[in-house]
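Open the model in your viewer and get the selection tool ready.

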Amino acid sequence: MKLKTCLITGQYPPQVGGVGHSAHRVANLLARRGLQVHVVALQKHPTPLAFDESYTSTQEGEVLVHRVKVYHPTPGSDAANSETEILTRYNREMFQAVEHFQLRYNYDVLHAFFLYPAGFIAGLVGRMHGVKVIASIRGNDVGKYVFDPLRLPFVRSSLENADYVTSVATSLTDLADRAITPLAHKAKTILNSVDLAKLRPQSKPALPLRGKVIGTAGLFRYKKGLLYLFKALARLQEQHDFTVLLAGDFFKEEDRGPHVQWLRECGLTERTIVTGKIAPERMADYLQLFDVLVFPSLFSEGCPLSMLEAMALKKVIIGSRAGAIPEIIRDRENGLLVAPGSVDDITHALSAVLNDSALSARLAQGAAETVATMTPEREFREWLAVYETVAAKCYA
């Protein structure tokens with residue numbers, strides 16, 4: 001029997017975000033290898049809609065994608081009530097949507113990307129209809145919501161109702177297991193993969209770069225720790241000529257102001273280029289420009305795809321001991337590790353690679369060799385093992 005699975009997510013392309021890109025990658029990875037795959041993408045909508053007007057279903061390659069607009073009034077608007085009332089209606093409407101697709105298509109497995117809301121809703125529908133559930137931890141769903149008294153019960157429910165839990169970083173699994181609910185007996189870490197055949201720069205962006213190109217890539221917000229990179233670079237600007245390149249954009253518009261202020265306070269404004277949003281297929285064009293990429297995340301980090309892509313392009317990586325970064329980076333073998341929030345550590349690491357070309361070359365080569373083993377085939381085999389475990393329960 002051909003296993004039918006539905007991935008449930010709050011992000012899916014063309015929406016930006018690591019969760020959406022990962023859901024898209026895994027959905028297509030499974031579909032290309034024989035599973036029947038649907039995606040339910042839950043999207044907040046500021047006004048209520050009749051259910052039959054709230055969703056569209058489109059075949060995208062081998063995946064059927066259902067995009068659902070779920071009523072969630074903007075905080076502070078006339079329609080907004082208390083946060084509890086908003087969440088109650090939001091949860092109920094998401095449940096009704098996922099239950100609709102379950103009853104219509106009769107999935108064997110519900111696979112949630114992110115524990116709330118996707119995992120919470122999948123867990124409820126799964127228990128109501130006897131469907132097996134996989135819940136995938138991606139980052140903030142544990143690293144942030146474990147400290148959120150309003151959402152923690154939803155996260156706990158998601159973990160308890162799941163038949164299997166995957167995580168993109170072992171540290172996130174450990175936090176969930178020890179601080180929320182025991183799950184080590186049904187959990188597995190699956191790191192992201194990189195398709196080297198598709199990671200090919202197409203052109204070279206015309207940017208006014210000078211000196212060494214140092215920076216990072218992705219979506220920028222406080223938890224990414226860029227303040228500490230800026231402070232470290234401020235210490236080095238008298239000794240080295242460099243450009244600060246931020247390949248990507250701010251996660252939300254409210255994240256822009258603080259970062260712009262920090263750059264100004266560190267005297268880096270004139271040296272800095274922020275590219276704005278980059279389409280995934282163009283990211284290699286920008287990554288090729290770097291000499292050093294720094295991922296100074298503070299907490300709630302997953303397995304940053306932009307770091308893996310930079311490693312594949314033989315770039316020098318400095319990363320903090322957060323999320324999956326220390327599972328991938330071996331200090332002084334394929335990159336340098338620093339303590340989260342340590343300006344001193346980042347300064348010393350940058351000085352080391354800027355002053356020692358032999359070290360930089362060795363780290364870049366080690367990075368490429370590491371990522372060469374992190375293939376889509378490896379990731380698929382690990383997902384398949386999870387699905388086979390769950391499927392055995394389906395047909396037991």
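Select strand β13. V316, I318 and S320 point one way from it, I317 and G319 point the other way, and all are buried. Buried means under 20% relative accessible area (1.4 Å probe, protein chains only). Strands here are DSSP runs of E with at least two residues, helices are runs of H or I with at least four, and both are numbered from the N terminus. In a regular strand the side chains alternate between the two faces of the sheet.

A word on the model. It is predicted, so local features need pLDDT of at least 70 and side-chain atom pairs count only at pLDDT 80 or more, while totals for chains, interfaces and linings use all residues. Residues are numbered from 1 along each chain as its sequence is written, and side-chain values use heavy atoms, without hydrogens and water.

Now show residues 316-320 with their surroundings. Five of the five residues of β13 are buried, so the strand is largely enclosed by the rest of the structure.

Next, select β12, residues 292-295. Four bridges join β12 to β13, and the two run parallel. Strands pair if DSSP finds at least two bridges between them. Find L293: its bridge partner in β13 is I317.

Move to the other partner, β14, residues 336-338. Three bridges join β13 to β14, again parallel. Here S320 has V338 as its bridge partner.

Finally, zoom out. How many helices and strands does the protein have? There are 14 helices and 14 strands. Buried residues make up 58% of the 396 residues. The C-alpha atoms fill a box of roughly 65 × 50 × 40 Å along the principal axes.

Definitions and conventions. Buried < 20%, exposed > 50% of the residue type's maximum accessible area, 1.4 Å probe, protein only.
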